Amino acid sequence: MNILNRSDLKTRNCLSYFEIPEWTQLGWVQHAFLTRQGGVSLPPYASLNLSDKNGDPKAWVAKNKNLTATTFGFDPKSLILLDQIQQDQILLLKSPIVTLPSPLEFDALITNAPNRFLGILTADCIPILVVDQKKKVIAAIHAGRRGTALHITLKVLKKMKDEFGCSSNNLLIAMGSSISSCCYEIDERVFQREWEPFSTSRGAGKWMVDLAQINIDQMKRKEIKEEQISWINLCTHCHHDLFFSYRKEGQTGRQLSFIGILE
Ligand SMILES: [Zn+2]
């Protein structure tokens with residue numbers, strides 16, 4: 001597994017972000033896992049908040065979106081952001097894309113269309129980006145507790161196979177920062193028995209859960225090898241200077257992770 005940490009943080013035009021070096025070398029993929037740093041929003045959304053659904057004025061969010069698009073060289077209108085309803089619905093966008101559905105109540109999207117940038121917003125959940133190196137197909141996934149319980153990542157990999165003939169061998173998968181097992185406690189009511197190998201019981205019906213490792217385990221059980229996976233292994237709750245964390249802050253912003261195919 002290719003593990004990234006704080007020393008891998010990059011800066012462009014005052015925006016701090018992570019990228020997967022192997023993916024940049026592909027030449028046709030544009031991607032980044034942004035942090036909360038470098039935007040214009042004020043506390044509690046300081047500063048690079050890309051969500052206009054949590055109380056931050058839309059004008060500031062639009063500025064942040066333009067700043068991000070300009071920094072990474074794409075048209076802000078080509079960034080597709082989902083409503084993200086913590087389910088397992090996948091939006092399939094086959095080229096050529098004519099119109100987008102409305103509302104965009106999905107938690108993952110897959111495309112082979114160039115110049116569309118698939119964005120995932122998070123503040124503790126896991127943003128997961130996928131590339132098929134041979135078929136030139138990409139995907140972006142929002143995997144929180146509920147998405148992980150619904151095996152959303154595996155459903156996306158299956159849909160890539162069914163719709164585009166993608167093969168597990170050719171996939172590269174990158175997981176962004178999320179809340180780690182150090183800080184993520186959940187209740188017995190929502191705990192899944194299959195998570196036990198990656199969880200620690202705290203007693204009184206409470207579990208500390210490692211959602212990232214659970215997703216990695218799910219992928220490995222579907223023929224994804226560790227060397228195909230990159231992981232920014234930083235807890236959003238512990239590193240809240242760098243990331244928005246819903247558990248840490250409650251009312252806060254959302255950081256963007258995006259991927260697009262360059263023409
Ligand atoms: Zn932590």
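The legends below describe close-up views of a predicted model.

**Figure 1. Overall fold of the chain.** The chain has six helices and 16 strands. Its radius of gyration is 17 Å, close to the 18 Å that the globule rule gives for 263 residues, so the chain is as compact as a globular protein of that length. Along the principal axes, the C-alpha atoms fill a box of roughly 50 × 45 × 40 Å. Buried residues make up 44% of the 263. Of the contacts between residues at least 6 apart in sequence, 62% join residues at least 24 apart.

**Figure 2. The largest nonpolar core.** In soluble globular proteins, nonpolar side chains tend to be buried together. The largest nonpolar core here has 65 residues. Those with the most contacts inside this core are Val130, Ile138, Ala139, Ala140, Ile141, Val156 and Ile173. Strand β10 (residues 137-143) supplies the largest share of the core, six residues. Beyond its neighbours within four places in sequence, Ala140 is in contact with Ala108, Leu109, Leu118, Gly119, Ile120, Leu129 and Ile259.

**Figure 3. Helix α2 and its buried face.** Helix α2 covers residues 58-72. At 1.5 Å a residue, its 15 residues should span 21 Å, and the end C-alpha atoms are 21 Å apart, in agreement. The buried residues of α2 are Val61, Asn64, Lys65, Thr68 and Phe72. Seen down the helix axis, these buried residues fall within an arc of 100 degrees, so they line one face of α2. An α-helix has 3.6 residues a turn, so residues three or four places apart point the same way. The elements covering the buried residues of α2 include β3 (15-18), β4 (29-34), β5 (79-81) and β16 (255-261). Just after α2, Gly73 has a positive phi of about 75 degrees.

Figure 4. Most residues other than glycine have a negative phi, and most peptide bonds are trans. The bond joining Ser95 and Pro96 is cis, with omega about -5 degrees. A cis peptide bond also joins Ser102 and Pro103, where omega is about 0 degrees. Pro96 is found in the loop between β6 (90-93) and β7 (108-111), and Pro103 lies in the loop between β6 and β7.

Figure 5. Ala204 is not a glycine, yet its phi is positive, at about 55 degrees. Ala204 is in the loop between β13 (199-203) and β14 (206-209). With 7 other C-beta atoms within 10 Å, Ala204 is exposed. Glu223, also a residue other than glycine, has a positive phi near 70 degrees. The loop that holds Glu223 runs between α5 (211-220) and β15 (229-232). Glu223 has 12 other C-beta atoms within 10 Å and is exposed, because a residue with 12 or fewer counts as exposed.

**Figure 6. Surroundings of His237.** His237 is in the loop between β15 and α6 (246-249). This residue has 20 C-beta neighbours inside 10 Å and counts as buried, because the cut-off for burial is 20 or more. Leaving out neighbours within four places in sequence, the contacts of His237 are Asp124, Ile179, Cys183, Ser245, Arg247 and Lys248. The C-alpha atom of His237 is separated by 18 Å from that of Ile120, a residue 117 places away along the chain.

Technical notes. Residues numbered from 1 in each chain as written. Predicted model: local features only at pLDDT ≥ 70, side-chain atom pairs only at ≥ 80, totals over all residues. Helix = DSSP H or I, 4+ residues; strand = E, 2+ residues; numbered from the N terminus. Rg over C-alpha atoms; globule rule 2.2 N^0.38 Å. Contact = placed C-beta atoms within 7 Å. Core = buried A, V, L, I, M, F, W, Y, C linked by C-beta atoms within 7 Å. Expected span 1.5 Å × (residues − 1). Arc of directions from axis to C-beta.
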